[in-house]
Amino acid sequence: MPRSALTENRKQTIARFTVPIGVAAMCVLGLTLGLLEWSGREVDRIARDRDRAIVSLMLTQSMARLAHAQESSTVWDDALREVRRQPVDPQWLDQNLGIWFENYADIDEVYVLDAGGKALYAMREGKRARPESFIAVQDAAAPLIAALRRSPSIRKRSLADVDMLSSGEADIATVHGRPAIVSVKPIVTDSGALRQAPGTEPLHVALIYLDAEFFAGISEQYGLSGARFVTSVSRSENLRSVMLRDRQGRAVGYMLWHPFAPGSHVIAALGPVLVVVLLLVTVVVFLLAGRLARRTHDLEESRVDAQHRAMHDGLTGLGNRAMFEQRLDEALSRSRRHKSLLALLYIDLDRFKQVNDTLGHPAGDALIRQVASRLCAEVRGYDFVARLGGDEFAILIAEPEGLDAIERICTRIIAELERPFDLSGSQAFIGGSIGVVVAPSHGLDSTELTRKADIALYKAKTDGRSRFVFFAPEMDVDVRSREKTYRELRLALADCDHQLEVHYQPVWAVEGRCIVGVEALLRWQHPEQGLVAPADFIRSAEETGLITVLGEWVLRRAVEDAHAWPSLRVSVNVSPIQLRSRAFVETVRHVLAEGAPGAFDPERLELELTETALMAASGEVARSLSEIRRLGVACALDDFGTGYSSLSHIRDFAVDRIKIDRSFVNAVDTVPGAALVEAIVGLARANGLRLTAEGVETEAQLDFLRKVGCPEVQGYLLSRPVPAAAITAMLVGAGAAENCPQPPPLM
């Protein structure tokens, strides 16, 4: 994905993550401020209700205090006697029922009435006044007096849950244009000794004006700041008010005060701080959310990248084996459902190892990427190309038109892989082998299809590479046969002394026809099939790695048998797989040192290796051969002329002997064949190499080889491969080989 697309995707992820968090944070901020506002208003409402309750309680308690103050002198036998006296004593009334109350209870006005309601005494603002001044109070007091007179008896009453000693009436009224509390109490006996008829009690009327001094006391006592009386209320004023009504419900005026608003105070004090704190918290949350979003996006990218890596090849970007198996299962499901064709191509690159060895692994990686690009270009967009590992690829061709279409695709792929690859200025030439299976004709099971595709690929490689091969049932038979051979060969290795044996084919000196050496040849005495020739199991042994064990066993047996033939050299065939092993040289050294009565002479041992096999791993094999020759062991190049024969190969591998292949010996009766054999003999003589001809089957061939100067031969004309005992018998019968001419010295 381009970097700009990744950046844009990152921004979108952060926006998707942070915007909801930002909106949520703003909602929380709004809800918090709203809750603060609501709680402040609710607290203010509670405070208002509390103030109104306090005002109501204050008025009730003010009336009750006034009535209690009156009872201090009105429930008293002396007061009743003095009021009944004619004429009354004004001074006594001043001191006990008049001026005394102004000093004792801050009562502004006092009036004493007789049983008929006539004023006997008056006090206003701490001074005695004319009794007739009661007329100004009469309208306010008359309803209270009437209510008091209607009481059936004089009895204790309870006001504001405070016990009273006598009955009484109180109310709010306007007197002299001023609001006042008017209280009427009867003057009664405290001892009960003085008789009184109900409704004939003298009355004590007291007034307290609701003036500034009164409200100042209220403010101090009840916490109603700025309490005062007004006749009307302005709505613009930020004040609380309660209408003052008399007991008839008439409005007397309004009591105002500055409201106690703790909620508003809290909002005013905490609101700005809370807003700042919440904004800071919002910013911090937003920043953290952004960071978390980036981390989340990075983790998601890592997860997607890991998932992509788990299903794709890191070098080519193609699907890997895991994705291939998944796509194969899906394609097979579609094929079963729709009864359609599905082609599976297994591709293995030819000569890829040489590119790595000569140009290096970076060039090999570049080559793999170019191969992947060419493969993708040769199939349709909905076909699937995967790299299974190394230089192995697989292609799924969905619903091909037929086998011809599959063949055309394979032909194009082979052609593309044979075109040169440009690798940093150097051209590389490789090829590809393809194994093809088709579902449903070759099966619908993924494991079975991949197995058959691998078998077809193996067939393509063994048939000469750079070709494609469709799977055929006989290939499966061949594979199963090789697998059976492998299992049985392992059993044979566990029972070497009974199933495996070494036969020896003599090597004869042309002059004198005497034995100068033997070639050790492995034979397998199969319990069911009898004697099995090497051609039938050596390939399986090389493919499975058993050739190393078999080769070591043959080498030990040949050296052990050769102790009985001190005059003969022993040739043992060696696989390149053995030579590539670092332990092989040590194995040869130990084998030479073993045995009785003494160590085996290294010069009597000769290791044979085919030229074609030799070139498969030239570097490793050359190093092993060099170390072996330093031990004194000779090396022979078998089947000379059938592979990559050249003087440079003979020089690089420093062999001691070349063996003319039987195919050339069989052609000596022709002019080209005779010339070729003669040239090989001359080549060996010119390079100081010892020479042996294989496959001599007629006297004519032997005579020709003698004439051109080939010193040694072997073949059925002289002897077939025989057991070791037969070689011993042949040596005894021939009188040993002391009389045979010695091989020419190396030049």
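These are my notebook entries on a predicted model of a protein.

**Ground rules**

I count residues from 1 along each chain as its sequence is written, and I use heavy atoms for side-chain values, leaving out hydrogens and water. Since I am working with a predicted model, local features need pLDDT of at least 70 and side-chain atom pairs count only at pLDDT 80 or more, while totals for chains, interfaces and linings use all residues.

**Entry: the whole protein**

I began with the secondary structure and found 25 helices and 28 strands. Both are DSSP runs numbered from the N terminus, helices being H or I with at least four residues and strands E with at least two. Of the 747 residues, 45% come out as buried (under 20% relative accessible area, with exposed over 50% and partly exposed in between; 1.4 Å probe, protein chains only).

I then looked at contacts (heavy atoms within 4.5 Å). Among those with a separation of 6 or more, 66% join residues 24 or more positions apart. The protein exposes about 38,000 Å², and carbon and sulfur atoms supply 55% of that; the areas come from the Shrake-Rupley method with a 1.4 Å probe, and for residues only the protein chains shown count as cover.

**Entry: nonpolar cores**

Next I looked up the cores, each a set of buried Ala, Val, Leu, Ile, Met, Phe, Trp, Tyr and Cys residues joined through side-chain atoms within 4.5 Å. The largest has 73 residues, and Leu605 and Val713 have the most contacts inside it. Helix H16 (residues 547-562) gives the most to this core, with 8 residues.

**Entry: H9 against H10**

I checked how helix H9 (residues 352-359) meets helix H10 (residues 361-377): they pack at about 140°, with axes 7 Å apart. Axes are lines fitted to C-alpha atoms, for helices over the stretch in contact, and angles run from 0 to 180 degrees between N-to-C directions. H9 is therefore oblique to H10; angles under 35 degrees count as roughly parallel, over 145 as roughly antiparallel, 65 to 115 as roughly perpendicular and the rest as oblique.

On the H9 side I listed Phe352, Val355, Asn356 and Leu359, and on the H10 side His361, Ala363, Gly364, Leu367 and Ile368.

Most residues other than glycine have a negative phi, and most peptide bonds are trans, so I went looking for exceptions. The bond from Gln86 to Pro87 is cis, with omega near -10°, and Pro87 sits in the loop between H2 (77-84) and H3 (90-96). The bond from Ala439 to Pro440 is cis too, with omega near 10°; Pro440 lies between strand S17 (431-439) and helix H12 (446-462).

For phi, I noted Glu399, positive at about 50°, in the loop between S14 (392-398) and H11 (403-418). Arg465 has a positive phi near 65° and belongs to the loop between H12 and strand S18 (468-470). Arg465 counts as partly exposed because its relative accessibility is 37%.

**Entry: Ile414**

Is Ile414 buried or exposed? This residue of helix H11 counts as buried, at 9% relative accessibility. Not counting residues up to four places away in sequence, Ile414 touches Gly432, Ile434, Ser466, Arg467 and Phe468. I also noted a C-alpha separation of 8.2 Å between Ile414 and Ile434, which are 20 residues apart along the chain.
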